Amino acid sequence: MDSIASSILAAVAASTLFMGSIAAPTTQQNGNYPRQLRLAYAGPDGMTVSWNTYSQLPHPTVCFGRSPKHLNRSGLEADTLYYYLPQYSNATTPYTFKTSRQAGDQTPYTVAVAIDMGLMGAMGLTTRVGKGAHNPLGNNDNNTIQSLLAQGVSTDFLWHPGDIAYADYWLKEEIQGFLPNTTIADGAKVYESLLNQYYDELSVITAHKPYMVGPGNHESNCDNGGTTDSVHNITYNVGICMPGQTNFTGFRNHFRMPSIQSGGVENFWYSFDNGMVHYIQLDTETDLGHGIVSPDEPTGAEGEDSGPFGLYDQQLNWLEKDLASVDRAKTPWVVVAGHRPWYVSGKKQSGTICENCRKVWEPLFLKYNVDLVLSGHAHYYDRNAPIANFNVGPNELNNPTAPWYITNGAAGHYDGLDSLVRPLQSYSRYAQDTAYGWSKLTFHNCSHLTHEFVASRNGTVLDTATLFKDRKCKH
C-alpha cells in the first residue's frame with residue numbers, strides 16, 4: 001500500500017483542534033479506500049485515526065460524532081464513545097472508538113498486552129510449520145488475535161511493546177519449506193505481503209480499540225537478524241533488505257504514537273495517562289543512555305544499522321523528567337513497558353537479556369517507585385517477584401518497594417515458543433513455555449492490580465496474581 005493517512009482528533013482546553021476538514025462520507029474513489037484502520041491515544045482528549053490507501057490523500061479526513069447518523073462533531077471528550085468514518089469509506093455502519101479516561105478517574109478497567117505477536121493466518125502460524133520450526137497451533141486452538149477479539153472485549157486498549165507481525169521471517173519460512181521459494185530480489189514482495197496480511201487481520205481490533213506499540217528487534221529490518229540456509233551454506237544478513245525495510249522504516253511510518261503530546265520521540269518512547277494509570281513505553285533497541293549501545297545500534301551484536309533516533313541521553317533524560325512529573329494523586333499506578341527483559345529465567349545471551357537496559361533504567365524505576373515493568377522478547381511467560389538489583393523484595397506482592405517484573409513474549413509467531421532454562425531463577429514465581437497467550441491487567445482501584453495470563457487457545461486463565469500497594473484511594 002502506497003500511503004498512510006492519519007487524522008488527529010483532539011480537544012484543547014476550551015477550544016477545539018481538528019486536523020483535517022469535516023466532510024460528508026463519500027464512496028470509494030480509485031485507490032483512496034481506507035484499509036487497515038488503527039487507533040491510538042493522542043493526549044488526554046485526543047485520538048489518532050490512521051489507515052492505508054493505495055493513492056496519496058492530500059488532506060486525510062475523518063468524520064465523527066456521538067451518533068452514527070450525525071458525524072458532525074469537531075471536538076472530543078474524555079471517556080466517551082464516538083462513531084467515525086475515514087474519508088472515502090464505503091462502510092454502511094460507522095466504526096467506533098472510546099477516548100481515554102480522564103487522569104484521576106478511579107473507575108476500574110482492564111488492558112490487554114500482547115508482545116512478540118506475528119502473523120496468524122494461512123501464511124503464518126498455523127496447524128503446521130516448516131522443518132526446524134515448532135509449536136504449531138492445535139486443530140481447535142484460537143490464535144492470539146482471535147483470543148484478543150473474543151476475550152478482550154472489555155479491555156480499554158491493546159498494548160504491543162515490540163516484535164510486530166514477524167514479516168522478516170519470510171526467508172526463514174522459505175528455507176524451512178513452509179513458503180514457496182522466491183528470489184532474493186522478490187523477497188520484498190513476500191515481506192510486504194506478510195506484513196499487510198497481519199495488519200489486515202488485526203484491523204478487526206485496531207479499528208475499534210487503540211493499538212499502542214513500541215519497537216522490538218524485528219521492526220529493525222527484513223532479515224530476521226541473519227538467516228542461514230544450511231543446505232546451500234549461505235548466511236543472509238541486512239544486505240538482502242531493500243531501502244525502506246531497514247532502520248525501523250516501516251515502524252516509524254506506519255504508526256502515530258503520542259510522542260508529541262508527551263515529549264517523546266516518534267513511536268520509540270512516549271507516555272500517556274488513562275484513568276488511574278500512567279503508562280510509559282521505552283525503546284530497548286536504541287538510545288539507551290550513558291553512552292551504552294543497544295543490541296541493534298550500529299555496533300551491536302546483531303549487525304543492524306539502526307538508530308540512534310535521539311540525542312545523547314535523550315531517552316534517559318526524558319524518562320526521568322516524565323517519571324518526576326507524574327501526579328501520583330491522580331495516577332497512582334505507573335506501568336513501564338520495553339521489549340527486552342533483564343529479569344528472566346533464560347540463558348544469559350546478549351540477544352535475550354538486556355543487562356544494559358537494567359543498568360541504565362533500574363535506578364530510575366526504584367527512585368520513582370515504578371509499580372510494574374512489562375517485557376517480551378523471550379518467547380515464554382515468566383512472572384517474577386518484585387526485584388531491586390537482583391534481590392527479591394521481602395514483602396513479595398504485599399506492598400513492595402521495588403517494581404514487579406513480568407515477561408510475556410508468548411503471543412505467538414511462526415517459529416514458536418522458546419524453552420525456559422530450569423531450575424528457574426530464584427526470583428521467578430510462575431513460568432510456562434507450552435501455551436501461547438497474552439496478559440490482562442485489571443486496575444481495581446489505587447491499591448490493587450491483578451495480572452492474568454490468558455491462554456489464547458481457549459481463553460482459560462493459566463496464572464493470576466494481584467499486587468497490593470498501601471495507598472489511600474479517592475472515593
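Here is a friendly chat about how some terms apply to this predicted model.

User: What should I keep in mind before we start?

Analyst: Residues are numbered from 1 along each chain as its sequence is written, and side-chain values use heavy atoms, with hydrogens and water left out. As the model is predicted, local features need pLDDT of at least 70 and side-chain atom pairs count only at pLDDT 80 or more, while totals for chains, interfaces and linings use all residues.

User: Why is Thr-126 called buried?

Analyst: Buried means under 20% relative accessible area, exposed over 50%, and partly exposed in between (1.4 Å probe, protein chains only). Thr-126 has 15%, so Thr-126 is buried.

User: What makes a set of residues a nonpolar core?

Analyst: The members are buried Ala, Val, Leu, Ile, Met, Phe, Trp, Tyr and Cys residues joined through side-chain atoms within 4.5 Å. The largest one here has 123 residues, with Trp-159 and Tyr-279 among those with the most contacts inside it. Helix α3 (residues 187-206) gives the most to this core, eight residues.

User: How confident is the predictor, going by pLDDT?

Analyst: pLDDT is the predictor's confidence in each residue, from 0 to 100. The protein averages 90, and 89% of the residues score at least 70.

How values were computed
Helix = DSSP H or I, 4+ residues; strand = E, 2+ residues; numbered from the N terminus.
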